[in-house]
Amino acid sequence: MGKSSSQVVGYRYYAKFAAFIGNRIEKFIGINFDNRKWVLHDPTKHPANMLLVREDNLFGENEGGVAGDIDIHFGYPDQEPNLEYQKHFPLVSGYPYQSYLLFRGYNFQDPFLGHTFKTPAFYLGNSGYMKEMLLWVKRTRVRSDGREQWYKERGDGEVVCEIGATIINPQHFEHSATIEFKHQYTSSHKDHNLNYKTWNGTYQLSLGAGNPKSLIAMGVGSSAGGVHPSDKEYRGVFANKYVFLGNTSILRAEFDVLVASESYTFSFGDTAEMGNIIHKIGKVNPNTDVYKIIVFFTGNVLELICKLSGKTPSTPGQTSYASFHCEASLSLANASELRDNTAPDINPVHKIREILTDDTAMGKPEADINNVNFMKAADRIWDEGLGISWAIDEKTCIEAIEELCYHIESGIRINRQTGLYEMVLFRDDWFEEDEIHDILESKIKDLALEVMNSDDIINQLNVTYYDRQRIKNSTFSVYENGSILTIGHANAESVEFPYFMNMRNAEIVANWKLKQFSTPAWSGSFTTGWREARKWNRYDLIRLPWSSKWNGTILVRIMKINLGNGVDNTVTIDFEEVIPYSGEMNTSIVVDNPVDSGPKPPQPSVNAVFEAPYYLTVLRAGQTNTDLELSNNPDIGYVAAIAAKPQNNSLNALLFTDGGMGEFEQASRLDYCDILQLDLPITETTSSFVVTGSLTQTASSNNLILLNSELMGFVAFDDVTKVLTVKRGVLDTVPKKHSGGSLFVFDLPDVAFDSTQYAQSEVVEAQVLTTTPSGIQELSETGATVGIQSRAIRPYPPANVKINGEYWPQSIEDNLLITWVDRNRLQQTGGQFVGYFESGVTIESNTQTMLILIEYDASNVVLATHNINVTAASSYVLMGTSMQNSVNSIHIILKTIRDGYECINAFDHIVRISNLTAPADVTFEVIEL
């Protein structure tokens, strides 16, 4: 008989090992071997720092499974060495600040022998090699060094540093109905039910029996109605917001409850009636009986019982008709109230800040972070529900931040004014209106443009994200249907969101990106020497004008800004046109009939040519140079021109002058200014009036307005009401009546100067010719004429002139009182413009103020002329008893003179004298007030 022999049918493999996770973790959720299933850490069954794995047949009958105990080390700063390790390595480290798992054996009882055995180590299966493991850990409320997370909670108690998985694929309902029903009061208070059908289901609203009455609403996605009978027996419930999210999802309902009579009270049913409904109730207004209730519950059937206690019909057998209006807006509730927090993601803003400040990453001081800005960003991302989860093997900090910003459509910058790190979310309403920069077109040079997405518009995105539930990368596609229909085919591009764990987040951001890819938009760069541009920052918004390409302005975002090299301090800005993020995607595009857009020849412009006042000459050449030129030759004058854009493709205009030589030559180039049209006549004292047209550039107090020959200072313009507010009669002009005309709104860059110094009394012919890419407007035989008056050297006239306390009165009685204030040409070269009706300034040195009074009789025969030097005064009084007997009117001229040069716009007005009988002797008296 032979000896029996043993046969090996397989091996079981065991190992003791540690798996390091990384920095501090807050919670160990579970582990997944070979993508078979999640073994979750159950705090009710497992010790807090241990995961019990008992999955012996996880891989099948032949390959076995996994079993053992896993010690969890969270990376506390004072954590002790693992006891199992210490058995073999007494001097092993506790690895502070490092999270890791230690896999070891466990004690089990043999079911046949009844003995307890300890496995030699962690059972890994029968195949001889270790299966791949996925670890699911959480760290949202603490930082990598164990400190509490920055900005963990906000004022309303919400934990803003973590974002629960938002419920996805909501069913959206809207309905409104008014129902008539018959109610007969009987002594038995029988139920009176009403069944009615809407497009999305059958609803049952029943008015319960007994007292108190109950209002019951039942049905999938149903709404509670409000009872509004004419006899005011019942008061009702209105469902304002409703969300139905599937058979087992969370549903949120928001109700306004109106209790209009003191005889009625409102209450929820008791806990037994409510089931698992969670509710909040509170008065909207303490002075009224209107309550706000928010109800959360699960399931697909709503059964909400609200009790109304109060009066009942007083006459049994009486039949009354009542109607109530059932109205519900069924929409997705705020994401903050529809989140599953069993597996929350981290707020990506917190992660970005941690990368910036953690000493294991970029190590920036926390004082370098604009916390107010980051909190604003964190709140916004939390409200949007765009949480992320990730595990980083090897990546630079800059790459990690850029990837996170890509997921949430944002950017990081260092504010050059504060030196602090800031976040900019690319949202329509991130910047306030007053935070958006404006720049005049005249301040832009060397602008280069191109159209993004012009060659091949992307109208389909193939999106990849990580599906936490399926434990794998998943894909879907989003389409811009309108674009596909227009161009006749789909052009696809791929985008990846590896840190989004659900389709909802990936779909939201993918739609934003598709809108960018499928929308042709401007991008380019420009240079400017404007000093204000040096204060701008990356990702700031600019209202960019460029009249040769578009009307008005477009909104662009600064993508890169270069301040120069110290030698050339010109600012260079790279920009992209902003594509709105809000709103729905276009599902179709209406293609208009083609319009004949052939190029037109240069069209004539509305323009004005004039002699430049002292102020504009100073702005052009500087006060020192201007005064030097005038001291050498005070009789000189300069020709200036402004013009409005006549057509979209016009680039600019050219100023041609003949210089008195009979031949026109190009003198200068000008950029177009805005132009408005006077809608109604205005008087001298009107400072706000209606105009037609709009401003394409932002105007400010630095802008002058030329209406006919009067200069005004810009104050404000309401683009809705078209009311323009100005300062009248600024610089060397005085207010005048205007029945119509063009208002040129301009700043210095909009003005073209002829550098030729023309002499007094010289007449200069000038033409403003428009240009387009295809040509220049042709010269005509004649142009506008400008008579040189040596305007720059002349003093400013008196202002705020009143006659008997009135501006430009038609007649006076008895005495004549004239008052005025002084102006100063040399002083009024900076700051705000001084309007005609404002207080005075010190008169210019060596300037005299002269008052001329010419008395006329009824036949306009001159009775007397009087010249009075009133330089030292600010008023003049002529007593009625001192006038000529037959005086009928007085011509008043008030002007200034300096070194033989008179102001060019003296005060000149005739006032009629009524009811006077004056003696022949005339006396004058100057009175200083």
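In helix α8, which runs over residues 614–621, the buried residues are Y614, Y615, L616, T617 and V618. The structure described here is a predicted model, and the elements are taken up one after another below. The cover over the buried residues of α8 includes the strands β36 (607–611), β42 (704–707), β45 (742–746) and β46 (752–753), together with the helix α9 (623–632). After α8 comes G622, a residue whose phi is positive, near 90°.

Elsewhere in the chain, an open sheet is formed by 6 strands, which are arranged in the order β27-β33-β34-β35-β32-β28 and whose pairing is mixed. The edges of this sheet are taken by β27 (437–438) and β28 (445–452), and because each of these has a single partner strand, one side of each is left without a neighbour in the sheet. For β28, pairing with strand β32 (residues 521–528) is in the antiparallel sense and extends over 6 bridges. Within this pair of strands, A448 stands opposite S525 in β32.

A further point of detail concerns C673, a residue located in the loop that lies between β39 (665–670) and β40 (674–678).

The largest pocket of the model has a volume of about 1,700 Å³. Its lining is made up of 45 residues, and those that lie nearest the centre of the pocket are V137, S389, W390, A391 and I392. Two or more residues of the lining are given by each of the strands β2 (17–22), β11 (133–138) and β24 (339–346) and by each of the helices α3 (348–357) and α5 (397–408). Among these elements, β11 gives the most to the lining of the largest pocket, with 6 residues. When the lining residues of this pocket are grouped by class, 26 are nonpolar, 8 are polar and 11 are charged.

Note on methods: Residues numbered from 1 in each chain as written. Predicted model: local features only at pLDDT ≥ 70, side-chain atom pairs only at ≥ 80, totals over all residues. Heavy atoms only, no water. Buried < 20%, exposed > 50% of the residue type's maximum accessible area, 1.4 Å probe, protein only. Helix = DSSP H or I, 4+ residues; strand = E, 2+ residues; numbered from the N terminus. Contact = heavy atoms within 4.5 Å. Pairing = 2+ DSSP bridges. 1 Å grid on protein atoms, 1.4 Å probe; cavity = no way out; pocket = protein on both sides within 12 Å on 5 of 7 lines; lining within 4 Å. Points joined across faces, edges and corners; volume = space filled by probe spheres on them. Nonpolar A, V, L, I, M, F, W, Y, C, P; charged D, E, K, R; others polar.
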